[in-house]
Amino acid sequence: MRDYCISLNPLNNPFLKYCFSFFLISLVFVFQNPLLCFSLNPALILPLKTQVIPPESVPRSPDKLPFRHNVSLTVSLTVGTPPQNVTMVIDTGSELSWLHCNRSQNSSSSSSTFNTVQSSSYTPIPCSSSTCTDQTRDFPIPASCDSNQLCHATLSYADASSSEGNLAADTFNIGNSGIPNVVFGCMDSIFSSNNEEDSKNTGLMGMNRGSLSFVSQMGFPKFSYCISEYDFPGLLLLGDANFSWLAPLNYTPMIQISTPLPYFDRVAYTVQLQGIKVSNKLLPIPESVFEPDHTGAGQTMVDSGTQFTFLLGQAYTVLRDEFLNQTAGSLRVFEDPNFVFQGAMDLCYRVPTNQTHLPPLPAVTLVFRGAEMTVTGDRILYRVAGEIRGNDTIYCFTFGNSDLLGVEAYVIGHLHQQNVWMEFDLKKSRIGLAEIRCDLAGQKLGMGP
């Protein structure tokens, strides 16, 4: 474990008067025991520790795609008065942050539960409050009143996990700063498909555009992340990224639809996909295929919580056919109609086990309004662990068919965001992109492995 110094600046926002203008954490690291240090600028030293969690223990929102990946995004902090240690899974596709609560007077606190009785600053939220009546409108399941007239929330997930409890407010301590009255779900009832692994985490930190998400409540106008494909996993930055070494970003506007539609997630990070290129060849897909219809189906969501990228069938089929055509002489197709990786990826290849490198692969470029994201190299094909056919291993195309999952959306997963600086500008409602070596970016910020 090594220490790193992170610069801070005070905020004018009264809600964050004890906080800072940017706060840097690692996506797959936890921070503990922060210490203040003093130089020309105030700074905070945070020891960082890697934490890897099996993905099946992470609950998924109903509108998110089920997947398996071997790294979960977690952060450790303290909550309550006096502070209690908690570990939360970061999810940019969820709104409500929540903790697994323990209301026993005699129970000692642990990192797997938050004891409300032991926190003098804990405040339950009544169902008559504006927080309950007005700020829960984008919840998949509407909030309700329980028998004690407290605001009650039920969350369900695609892996059949669920959590249920009351909305509450308490002090969240980040670094040496205590932020009061942060709203979260205090969940008493949690059903999980993997209780043993879930017990390692206290809850979930929602990071989408909803009014009750953590980033919205903190009032940060921007946040960024950068995911590396090398040993350094990545970083998350809350606030403005004014670094001289960062290339100018290309921005694409976020799409907003104020009218509630059955298939449109209004608080997701939605952009306008306009086209797809393979080896710089623009595919013959009408732009109308990428536009949400009158039901909201067809939105394009940028999601750090989904591993691969999924396209609606009409666009996926054209991409699949062109990629097949351009790799016909260099890759051997895995001909098994019953094999569909993760239920949506039906283009796979056989590669000899003794072959150490894949042949040169055509790049796939996603064309957005004002920006592009190019996927190359190892991010094009994914080796399926444990799948051996004779002397061959199985690799699958990392673009899948949303139609096979019953999902009415395009989803840009985090595998294709590797080595791209992703800035989410909430104030100007836009997303900025710039290609960068994320491991080198982390080293410049003092976060090298």
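Modeller: Let's start with pairing: two strands pair if DSSP finds at least two bridges between them. Strands (E, at least two residues) and helices (H or I, at least four) are DSSP runs, numbered from the N terminus. You're looking at a predicted model, where local features need pLDDT of at least 70, side-chain atom pairs count only at pLDDT 80 or more, and totals for chains, interfaces and linings use all residues. Residues are numbered from 1 along each chain as its sequence is written, and side-chain values use heavy atoms, leaving out hydrogens and water.

Colleague: Okay, how many bridges join strand β33 to β34?

Modeller: Six, and the two strands run antiparallel, with β33 covering residues 420–425. They make a hairpin with four residues between them. On the other pairing of β34 (residues 430–435), strand β19 (residues 250–253) is also antiparallel, over four bridges.

Colleague: Which residue in β34 is the bridge partner of E423?

Modeller: That's G432. Y251 stands opposite G432 as well.

Colleague: What is the order of the strands in the open sheet of four?

Modeller: Reading across, β22-β21-β27-β28, with antiparallel pairing. The edge strands, β22 (281–282) and β28 (371–375), each pair on one side only. Strand β27 (residues 364–368) is joined to β28 by five bridges, and F368 stands opposite A371 there.

Colleague: Which strands does helix α4 lie across?

Modeller: Helix α4 (residues 313–326) lies across β21 (273–278), β22 and β27, at about 15° to β21. For contact, think heavy atoms within 4.5 Å. Axes are lines fitted to C-alpha atoms (for helices, over the stretch in contact), and angles run from 0 to 180 degrees between N-to-C directions.

Colleague: Now the backbone. Which peptide bond is cis?

Modeller: Most residues other than glycine have a negative phi, and most peptide bonds are trans. Here the bond from T81 to P82 is cis, with omega near -5°. You'll find P82 in the loop between β7 (74–79) and β8 (84–91).

Colleague: And what is the phi of S429?

Modeller: Positive, about 55°, although S429 is not a glycine. This residue belongs to the hairpin turn. N419 also has a positive phi of about 55° without being a glycine, and it lies in the loop between β32 (409–412) and β33.

Colleague: Is N419 buried or exposed?

Modeller: Buried means under 20% relative accessible area, exposed over 50%, and partly exposed in between (1.4 Å probe, protein chains only). N419 comes in at 11%, so it is buried. S429 has 13% relative accessibility, so it counts as buried too.

Colleague: On to the cysteines: how many disulfides does the count come to?

Modeller: A disulfide is a pair of cysteine sulfur atoms within 2.5 Å, and the count by this rule is five. With the bonded cysteines numbered in sequence order, the pairing is 1-6, 2-4, 3-5, 7-10, 8-9.

Colleague: Why is the disulfide of C226 and C438 left-handed?

Modeller: The torsion about its S-S bond is about -85°, so it is left-handed. C226 sits in strand β17 (residues 222–227) and C438 in helix α6 (residues 438–444), so the pair ties together parts 212 residues apart in sequence. Their sulfur atoms are 2.0 Å apart.

Colleague: What about the link of C132 and C151?

Modeller: That one is right-handed, with 85° about the S-S bond. It links distant parts of the chain: C132 in helix α1 (residues 130–134) and C151 in strand β13 (residues 151–156), 19 residues apart. The link of C348 and C396 is right-handed as well, with 95°; it connects strand β26 (residues 348–352) with strand β30 (residues 392–397), 48 residues apart. Both C348 and C396 are buried.
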